[in-house]
Amino acid sequence: MTKWCKRQEVANKISPLKNVTVMNVTSSSNLAQTYKNPTRAINKLGFAFVLKGTLSNKGSVYAVDVQVIDSANTEVWAGHFEKPASQIMQLPEEIALELAKVMDVDMTEEMEKSIKRSGTTNPVAYLQYLSGI
């Protein structure tokens with residue numbers, strides 16, 4: 001699976017949150033490749049936190065480990081999310097909703113609908129999308 005697609009999925013889900021500014025995924029990837037400490041570089045651009053994550057799978061179960069890192073490179077929050085392949089499309093939504101809780105975002109009905117809006121309900125199609133196929 002391409003890292004860009006996985007990052008973009010979560011970025012798309014959290015971008016409607018009030019008081020949350022999401023850096024373009026391509027820009028953040030370029031910073032990560034250019035600087036020894038991309039967290040500090042992103043913070044210099046005015047972003048208070050960096051969201052890091054890894055996706056892994058064991059058989060038909062997918063797991064995402066997510067961290068929120070501050071400018072001092074200190075972990076502020078971490079979460080672990082697991083879903084069977086048949087429900088993998090729900091992972092970005094779950095992560096975004098949990099981040100909203102952690103960040104104490106005053107969630108409006110419109111924001112929640114935007115986060116819960118999904119594309120395909122077909123897990124095979126979704127995995128192909130994440131793979132860049």
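## Chatting through a predicted model

Q: Let's begin with Glu-75. Where is it found?
A: Glu-75 is part of strand S3. This is a predicted model, by the way.

Q: Is Glu-75 buried, partly exposed or exposed?
A: Its relative accessibility is 44%, so Glu-75 counts as partly exposed.

Q: And what is Glu-75 in contact with, leaving aside neighbours within four places in sequence?
A: Gln-67, Val-68 and Ile-69.

Q: How far is Glu-75 from Leu-51?
A: Their C-alpha atoms are separated by 9.9 Å, and the two residues are 24 apart along the chain.

Q: OK, what about Glu-82, which element is that in?
A: Strand S3. Glu-82 has 48% relative accessibility, so it counts as partly exposed.

Q: What does Glu-82 contact, skipping neighbours within four places in sequence?
A: Val-61, Tyr-62, Ala-63 and Leu-91. Leu-91 is also one of the buried residues of H4.

Q: And how far apart are Glu-82 and Asn-57?
A: In space they are 9.1 Å apart, C-alpha to C-alpha, and in sequence 25 residues apart.

Q: Let's zoom out. What's the order of elements from the N terminus?
A: The protein chain runs α-α-α-β-β-β-α-α-α. That comes to 6 helices and 3 strands.

Q: How much of the chain is buried?
A: Of the 133 residues in the protein chain, 36% are buried. The chain exposes about 8200 Å², and carbon and sulfur atoms supply 49% of that area.

Q: What share of the contacts join residues at least 24 apart?
A: If you take contacts between residues at least 6 apart in sequence, 43% of them join residues at least 24 apart.

Q: Switching to confidence: what's the mean pLDDT of the chain?
A: The mean is 77, with 77% of the residues reaching 70 or more.

Q: Which elements have the lowest and highest mean pLDDT?
A: Helix H1, residues 3-14, has the lowest at 61, while strand S3, residues 75-84, has the highest at 92. Over residues 1-5 the pLDDT is below 50, though the model gives that stretch 13 contacts beyond near neighbours in sequence.

Q: Why be careful where pLDDT is low?
A: Because predicted coordinates with low pLDDT should not be read in detail.

Q: On to H4. Which of its residues are buried?
A: Leu-91, Pro-92, Glu-93, Ile-95, Ala-96, Leu-97, Leu-99 and Ala-100.

Q: What span should H4 have, and how far apart are its ends?
A: With 12 residues at 1.5 Å a residue, H4 should span 16 Å, and its end C-alpha atoms are 16 Å apart, so the two agree.

Q: How do H4 and H5 pack?
A: Their axes are 9 Å apart and the angle is about 150 degrees. H4 and H5 are therefore roughly antiparallel to each other.

Q: Which residues make that contact?
A: On the H4 side, Glu-93, Ala-96 and Leu-97; on the H5 side, Glu-112, Ile-115 and Lys-116. Glu-93, Ala-96 and Leu-97 are among the buried residues of H4.

Q: What's in the loop between H4 and H5?
A: Asp-104 is found there, between helix H4 (91-102) and helix H5 (109-116). Asp-104 isn't a glycine, yet has a positive phi of about 55 degrees.

Q: Last one: is Asp-104 buried or exposed?
A: Asp-104 counts as exposed, because its relative accessibility is 69% and the cut-off is over 50%.

Conventions:
Residues numbered from 1 in each chain as written. Predicted model: local features only at pLDDT ≥ 70, side-chain atom pairs only at ≥ 80, totals over all residues. Heavy atoms only, no water. Helix = DSSP H or I, 4+ residues; strand = E, 2+ residues; numbered from the N terminus. Buried < 20%, exposed > 50% of the residue type's maximum accessible area, 1.4 Å probe, protein only. Contact = heavy atoms within 4.5 Å. Areas by Shrake-Rupley, 256 points an atom, 1.4 Å probe, with all protein chains shown as cover. Expected span 1.5 Å × (residues − 1). pLDDT = per-residue confidence, 0-100. Axes fitted to C-alpha atoms, helices over the stretch in contact; angles between N-to-C directions. Parallel < 35°, antiparallel > 145°, perpendicular 65-115°, else oblique.
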